[in-house]
Amino acid sequence: MAEQLSLLGNISLFRSGIWKPRTKPGMFEGVGEIGLEWLKKAKKAYGIPVTVEVATPQHVELALKYEIDVLWIGARTTSNPFSVQQIADALQGINVPVLIKNPINPDIQLWIGALERIEKSGINEIGLIHRGFSSFAHTSFRNPPMWQIPIEMRRRFPEIPLICDPSHICGNRTLLAEIAQKSIDLDFSGIMIESHPEPDTAWSDAQQQITPLQLSMLLNELKWRTHLDDHEDGFSTIHKIREQIDHTDDELITLLAQRMKLSDQIGTYKKDNNITILQTERWNGILDRLMKKASDLGLSEEFIKRYFEAVHLESINHQNRVMYQNDTQS
Ligand code: PEP
Ligand code: MN
């Protein structure tokens, strides 16, 4: 694999799971220490830096003994502050880059907590890996991406490289390219993709593995994007559109304020006449009417539903406030 991937010419880091956390016992859990020797050889032979997942202080110690270039903390480990702290303690005074995968549950604070623990140990080269979030629901993804979380991490930590792991988000081969492209469009700094010489025979995650040739084709088809500041007239062109967007957003927020004032009036009537706040029939009627309108206007029904659910919930909050206002004052 190392030889084939090195021939692609654009791989900057070779990842290998030496210790693999598996959901159930009895599955392949990695080859262990002997694999570190193979990695060391591969690195020497093909000149690609290597990375392994570490989940315990012993893993850290062994990985460093075999001169692994970059360590990565897996999603299951990030979810456990005790484990992250043990790894952070083992890293005290050591200079090695560390990549931190998001926790399996969509808890941004847990991800930030892991980042803070590793930062506090003195590690200054840190990257984040977005691998999606576990879900009970059956979706087309193995781990739904919930893009708002990595986007928020990007906003809070603009200096920290963010890498996308389409393999674990998709859990299959078909969606890999689409997710990889989406991450590039969202200004991610890199992509981590699993590759195997005979994907169907892989001992873990076979459905999401692709051959080095497929990987090469996928990488070649990706459209790499530039930054706005790389374009001479980029800012002036976009500035005009942004002015209109700001204007429209101002109107939207003014209208929302008016909308909530009307909710307050309705709340007063319901309070005076002892009527329930939630009127399901009316709410169904609103949704039906707006969904129809949304599709006539070329807006996604799913978006309009989510949008008005938020508006409706806020309207209920307003009416609640009206209903209990005087009770709390008296
Ligand atoms: C992996 O990268 O092989 C892995 C186990 O992933 P995750 O920690 O994202 O589940
Ligand atoms: Mn895997």
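Where in the chain is the place of Met146?

A: Met146 sits in the loop between strand S5 (126-130) and helix H7 (148-156). Helices (H or I, at least four residues) and strands (E, at least two) are DSSP runs, numbered from the N terminus.

Before going on, here is how to read the values. This is a predicted model, in which local features need pLDDT of at least 70 and side-chain atom pairs count only at pLDDT 80 or more, while totals for chains, interfaces and linings use all residues. Residues are numbered from 1 along each chain as its sequence is written, chains are lettered from A and ligands numbered from 1 in the order in which they are written, and side-chain values use heavy atoms, with hydrogens and water left out.

Most residues other than glycine have a negative phi. Met146 is not a glycine, yet its phi is positive, about 40 degrees. With a relative accessible area of 30%, Met146 is partly exposed (buried means under 20%, exposed over 50%, partly exposed in between, using a 1.4 Å probe and protein chains only).

Asp205 also has a positive phi, about 50 degrees, although it is not a glycine. You will find Asp205 in the loop between S7 and H10. At 15% relative accessibility, Asp205 counts as buried.

Because His168 lies in helix H8 (residues 166-170) and Asp205 in the loop between S7 and H10, the pair ties together parts that are 37 residues apart in sequence. His168 counts as buried, at 8% relative accessibility.

His168 and Glu194 are also among the residues around ligand 1, a group that includes Arg15, Lys20, Trp72 and Lys101. A residue belongs to such a group if one of its heavy atoms lies within 4 Å of the molecule. Some polar contacts can be picked out here (pairs of N or O atoms within 3.5 Å; within protein, one must be able to donate a hydrogen and the other to accept it, and residues adjacent in sequence count only if both atoms are side-chain atoms). Ala75 uses a backbone N or O atom, 2.8 Å from an oxygen atom of ligand 1. In the side chain of Arg76, an N or O atom is 2.7 Å from an oxygen atom of this ligand. For the side chain of Arg131, the distance from such an atom to a ligand 1 oxygen is 2.6 Å.

Arg15 brings us to a last stop: with Leu5, Phe14, Ser16 and Ser195, Arg15 lies nearest the centre of the largest pocket, which 40 residues line. On a 1 Å grid over the protein atoms alone, a pocket is an open set of points where a 1.4 Å probe fits, with protein on both sides within 12 Å along at least five of seven lines, and lining residues have an atom within 4 Å of a point. H2 gives the most to this lining, with four residues.
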